[in-house]
Amino acid sequence: MERYVCIHGHFYQPPRENAWLEYVEWQDAAYPYHDWNEKIAAECYMTNASSHLLDKDGLIDRVVNNYSSISFDFGPTLLAWMETGDRDTYRAIIEADRQSRDHFSGHGSAIAQAYNHVIMPLANHRDRYTQVRWGIRDFEHRFGRKPEGMWLPETAVDLETLDIMASLGIKFTILSPRQARRFRPAGSSNWKNVSDGTVDPTCAYAVNLPSGRKLAVFFFDSPISNAVAFEDILKSGEAFANRLVSAFSEKRRWPQLVNIATDGETYGHHHRFADMALAFAIRYIESNGLARITNYGEYLEKYPPAHEVEIIEKSSWSCKHGIDRWWSDCGDTAGDGEHPGWNQQWRTPLRNAFDYLRDTLATKYEEKARLFLKHPWAARDDYIDVIIDRSPESVARFFNRHAGRKLDETEKVTVLKLLELQRHAMLMYTSCGWFFDEISRPEPVQVLQYAGRVAQLAGELFEGDVEENFLKTLEEAKSNIPEQENGRRIYENLVRPAMVDLKKVAAHAAVNSLSKKSGEENRAYCYGIEMEDAAITECGEARLVTGRCRVTSQITGESDTFIYGALRREGYVVNAGVSKYDEEEIYRNMARETTLSCSRGDYSEVVRLLEKHLGSSHYSLTSLFRDEQRKVLGEMLESTMSAVAAAYRGLYEHYYPPARFLSELGGPVPRNFHAAAELIINSDLHRAVNAARVDATAVKTLLETAKIWSVDIDAGGISYDLKKNIEKMMAGLASSPGDLNGLQALVDVTSLARGLPFPVDLWKVQGFYRNRLQTDYPDYKRRAEAGDAPARHWLEAFALLGKELNVRMEKQG
């Protein structure tokens with residue numbers, strides 16, 4: 001009897017974009033990476049696209065794309081980030097699906113996912129339909145084909161959701177065995193109860209739906225899936241493979257499918273190098289004839305369901321209580337036991353507050369949208385085409401299909417705001433907002449941001465104040481942290497300050513222009529900024545900028561013109577004002593008067609004039625968006641930090657000999673000297689590893705000194721900087737492969753990286769090397785064999801680099 005193995009990875013990250021900027025801002029907790037998406041992409045998504053297979057000597061002998069051999073789904077919002085945030089990996093994922101169709105009888109390994117990870121049984125019918133519709137359309141746009149299967153967020157399921165999926169062409173989904181109630185052979189009336197999780201997961205089942213449709217369900221092998229996710233099985237690819245094939249039984253009389261499903265981040269992020277175990281296990285199973293690797297679509301076509309199953313409705317794979325985790329204090333949290341005194345009673349009022357927003361605004365949306373659109377809800381279902389492609393041509397096609405009449409530009413802006421309100425009214429239900437144990441965590445704050453965007457748009461579109469009633473319900477969501485108080489306090493402290501409108505974008509541009517050249521700004525994330533007029537006046541140590549700019553939302557098309565003035569003095573003190581543009585004379589007077597006062601050094605008068613002409617709203621460095629705050633403050637503090645570092649360096653160098661002597665005698669190093677040493681050593685290390693030519697001796701000396709004096713090294717940051725520098729050097733080799741000096745420098749710096757007391761991620765560099773092995777190496781080898789001395793020297797250096805990178809050279813396949 002035939003034996004099949006299917007490994008499914010559910011790849012997902014919660015949307016982290018600022019709800020107003022459509023951009024993932026700097027996240028300190030992800031240091032040294034910019035944000036968690038970038039970090040997890042480097043640790044997991046990229047490595048699975050180019051996983052390493054080692055030979056018997058432990059050298060990289062082959063690089064494989066795991067996605068082409070497994071079944072997988074990616075969250076649409078994650079792929080939207082990856083399309084620009086990690087383009088190489090994005091392209092590799094799309095290509096892997098194409099390759100998998102060649103491997104698996106025309107069936108691609110990618111399956112769709114409900115759009116933004118909403119717990120479907122808790123959504124209303126209209127939102128469920130849109131979530132499935134958007135998930136399918138996003139998939140079609142990216143993979144160029146219709147999806148056969150769809151992953152349900154947290155595998156949360158009920159019959160209504162399955163019926164919607166089937167009505168839109170989905171053929172199968174994947175569930176936990178704990179979600180099966182009973183099954184029977186097709187045509188039989190004898191049901192067998194399997195509600196204890198004992199359903200046989202080695203075949204497909206059919207679910208009969210209320211509409212008369214059917215949808216296939218695969219139940220994953222729970223014990224093996226749990227071992228992969230939570231045990232040490234991925235430390236050995238061979239052990240992983242043997243555990244998979246151990247699930248086959250000679251007692252079964254049908255073609256068996258051993259299938260597992262886990263978070264895709266298991267392979268690399270949760271378990272470092274687990275992508276390699278995955279790659280090895282797949283090849284081990286295939287090469288030893290233990291089973292055939294397949295995907296769900298191929299197996300389903302060959303072996304349609306011979307059994308019917310009834311599911312346990314409102315169940316999931318990650319809540320023992322069904323789906324209570326996403327609306328009540330059921331006791332399930334991530335990190336159980338970490339905060340034993342905490343409760344999750346906040347979950348219910350949080351969901352109630354969102355339900356109030358959604359339901360109150362649904363009628364208002366429909367009434368107002370009917371003034372412009374033929375069918376408001378059908379337009380929402382098709383709005384995914386605009387989300388995917390916000391070009392003017394795409395927006396025009398959307399209005400051609402859905403506008404009930406010819407709309408002017410103002411009416412189009414209104415329609416797009418209405419649809420954005422609906423988009424964020426679904427984003428606010430992203431499941432991660434309820435998954436953890438505290439309402440002030442980043443995940444609930446993120447969904448509160450989406451709700452804040454809904455409330456803001458509602459205030460612009462409709463009469464009445466829905467926000468206040470929303471906030472009253474949020475007050476009932478009590479935080480476990482006394483100083484956070486409740487959901488309303490968290491909203492006021494963490495969400496409202498993040499809200500953005502066109503005037504705030506203009507304020508950002510005004511303050512940011514203090515560190516830019518005149519007229520340089522043209523975009524701030526999803527806002528276009530046209531500097532219609534700008535002037536910079538240097539007044540001694542102060543700088544004054546005045547100007548007129550037009551700000552346009554590239555999401556809604558809303559646009560307005562503003563005048564601004566901003567003064568920076570004494571390095572840190574910034575005063576800025578912004579006002580809507582009304583008359584040219586007002587603008588010219590403001591610019592002339594403030595410039596004159598600044599040139600006289602009367603900065604107090606400049607501030608007074610800014611208030612006189614631009615109003616009492618004051619803006620400062622805090623008006624910058626987060627990434628620019630860090631950048632501009634870094635620039636402004638550079639000179640100050642240089643002075644501090646110089647003072648510390650003097651202390652460090654003056655007392656270095658006696659401190660070294662004291663250390664060698666076993667005496668304590670004075671605290672003040674230790675602080676100076678930590679600042680200087682880390683500063684020098686960062687500078688050294690970022691240099692165009694890394695001085696290995698200097699780096700080793702600094703590390704040795706740090707070890708002697710027990711200085712805490714910024715290992716993560718230094719490792720990251722060195723990794724990025726080596727990648728840059730390797731990219732340079734690609735553009736100038738004959739640069740022997742550059743090649744030798746790479747040999748030296750990779751040798752340094754391998755010998756450091758902390759790991760340096762050379763994964764991407766190893767991939768670059770493999771590419772050069774395929775492209776440049778054969779030509780240089782041929783030339784060397786023909787007697788070309790420079791080519792021979794190049795080969796010698798290239799071989800040394802391969803040794804340092806642990807890459808096998810003899811085999812190129």
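Hi everyone. Before we start, the model is predicted, so local features need pLDDT of at least 70 and side-chain atom pairs count only at pLDDT 80 or more, while totals for chains, interfaces and linings use all residues. Residues are numbered from 1 along each chain as its sequence is written, and side-chain values use heavy atoms, with hydrogens and water left out.

Let's begin with the sheet. Five strands form an open sheet in the order 15-16-17-18-19, with antiparallel pairing. Here, strands are DSSP runs of E with at least two residues, helices are runs of H or I with at least four, and both are numbered from the N terminus. Two strands pair if DSSP finds at least two bridges between them. Which strands sit at the edges? They are strand 15 (523-524) and strand 19, each of which pairs on one side only.

Now look at strand 18, residues 559-569. Strand 17, residues 542-553, pairs with strand 18 in the antiparallel sense over ten bridges. Along this pairing, arginine 548 stands opposite isoleucine 563, and valine 545 stands opposite alanine 566. Strands 17 and 18 form a hairpin with five residues between them, and glycine 557 in the turn has a positive phi of about 85°. Strand 18 also runs antiparallel to strand 19 (residues 573-580), joined by eight bridges. There, alanine 566 stands opposite alanine 576.

Is strand 18 mostly covered or mostly open? Mostly covered: nine of its eleven residues are buried. Buried means under 20% relative accessible area, exposed means over 50%, and partly exposed is in between, using a 1.4 Å probe and protein chains only.

Next, what packs on the sheet? Helix 19 (residues 502-512) does, touching strands 15, 16, 17, 18 and 19, and its direction makes about 35° with that of strand 18. Helix 20 packs there as well, touching strand 16, strand 17 and strand 18, at about 155° to the direction of strand 17. For these angles, axes are lines fitted to C-alpha atoms, for helices over the stretch in contact, and the values run from 0 to 180 degrees between N-to-C directions. Contact means heavy atoms within 4.5 Å.

How many disulfides does the structure hold? One, where a disulfide is a pair of cysteine sulfur atoms within 2.5 Å. It joins cysteine 539 to cysteine 598, with S to S at 2.0 Å. Cysteine 539 lies in strand 16 (residues 527-539) and cysteine 598 in helix 20 (residues 584-599), so the pair ties together parts that are 59 residues apart in sequence. The link is right-handed, with 125° about the S-S bond, and both cysteines are buried.

Cysteine 6 counts as buried because its relative accessibility is 0%. For cysteine 44, the closest cysteine sulfur is in cysteine 432, 16 Å away, which is also too far for a bond.

Helix 16 (residues 442-461) and helix 18 (residues 487-495) pack at about 80°, with their axes 10 Å apart. The residues that meet include Val445 and Leu448 in helix 16, and Ile490 and Tyr491 in helix 18.
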